[in-house]
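Let's take a look at the aromatic rings in this one. Have the model open alongside as you read.

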Amino acid sequence: MPFSRAVEARRRGSGVALVGVLWLLVLLSLIALNLSTGSRTELQLASNARLAASARHVAEAGVNWGVWSLMQADTAGWLADGSVRSLELDGIRVEVALFDEQGKIDLNEADLQLLAGLFESVGLDEKAALAQAEIILDWRDEDDLLRPTGAEEEQYRVAGLLGPANQPFEQLEDLRQVLGMSEALYLQVLPALTLYSNKAEVNPMVAPREVLLALPGIRPESIDNYIEERRRNYAAGERPPLLTGVDPLLLAPNAPGVNYSIVTDTSVGTGVKIRQQLLVRRRGIGRTQGIQVLENSLLQ
């Protein structure tokens, strides 16, 4: 009996020791797994950091390419009408588009006809487009006189809004505060708008498609052919084509502007794009010419 109890005691001791060893192995496995996961995470973070740094350098190269084009004489650069050029560096692709702001609709200068045409081009019916245009004019003018379908302080008060400003727009984002301006409508018209043309007319030679669609009298089916022809003529150093069917009072002379947008889209990884937009002013001529950055925004 004493011998049996001793054996049983040794068995129990061995069982406790075995359980302890198993728990130790589990603990060591968890530590190893944690270290492995941590190492993979650190490697991934380091890889992401390198990728982000490379993307910034490629985006900067795209911006410099756009600046180079703007600094070229005659037609050595490409037409600043929104046409896109692309390049790839270190496996990262960047697309660069140039816009002469004179090709856009100036929110502070455009008349009722041009603004109404813009809203019709994005789907509003004629009556609603005219009303939205008049509301904008009431926002930016200095008086309290209500246009037939416009909006002054009383209309904003009834809608629970503050307005109108009765002064020119200071930034395009202020358009969001205008009565009747939904976020969807704002995003639709935004590509056609500027505050840096300083003209009531638009230059058709550099007007993007969104602006050409807003010109009353133009045939939508002719726009793509017109854009293709003007780019072809520009590259060949030939005279630009005539834009027919449009009130000439809405069109500015074909002369290069001084304010431009440089827009870059840098592709990083699968389906990820970083957009940078610079608003620049071209200054001086010849050897003294240069570029002044007015605005710089980054969207991801």
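## Aromatic rings in the predicted model

Start with Trp-78, which is buried at a relative accessible area of 8%. Keep in mind that this is a predicted model.

Trp-78 has a ring partner: together with Trp-65 it makes an edge-to-face aromatic pair, with 5.1 Å from centre to centre and 65 degrees between the planes. Trp-65 belongs to helix H1 (residues 2-71), while Trp-78 sits in the loop between H1 and strand E1 (81-89), so this pair ties together parts that are 13 residues apart in sequence. What about the cover on Trp-65, buried or partly exposed? With 25% relative accessibility, Trp-65 counts as partly exposed.

Next comes a tilted pair, Trp-139 with Tyr-156, at 5.9 Å centre to centre and 55 degrees between the planes. Here the link is between distant parts of the chain, as Trp-139 is in helix H3 (residues 126-140) and Tyr-156 is in helix H4 (residues 153-158), 17 residues apart. Ring pairs also bring in Phe-169, giving a cluster of Trp-139, Tyr-156 and Phe-169. In total, the structure has three aromatic pairs.

Here is how the paired residues discussed above come out for accessibility:

| Residue | Relative accessible area | Class |
|---|---|---|
| Trp-65 | 25% | partly exposed |
| Trp-78 | 8% | buried |
| Trp-139 | 5% | buried |
| Tyr-156 | 0% | buried |

One more ring contact involves a charge: the charged end of Lys-104 sits over the Phe-99 ring, 4.9 Å from the ring's centre.

Technical notes. Residues are numbered from 1 along each chain as its sequence is written. This is a predicted model: local features need pLDDT of at least 70, side-chain atom pairs count only at pLDDT 80 or more; totals for chains, interfaces and linings use all residues. Side-chain values use heavy atoms; hydrogens and water are left out. Rings of Phe, Tyr and Trp (its six-membered ring) pair if their centres lie within 6.5 Å; planes under 30 degrees apart count as stacked, over 60 as edge-to-face and the rest as tilted. Helices (H or I, at least four residues) and strands (E, at least two) are DSSP runs, numbered from the N terminus. Buried means under 20% relative accessible area, exposed over 50%, partly exposed in between (1.4 Å probe, protein chains only). A charge sits over a ring if NZ of Lys or CZ of Arg is within 6 Å of the ring centre and within 35 degrees of the ring normal.
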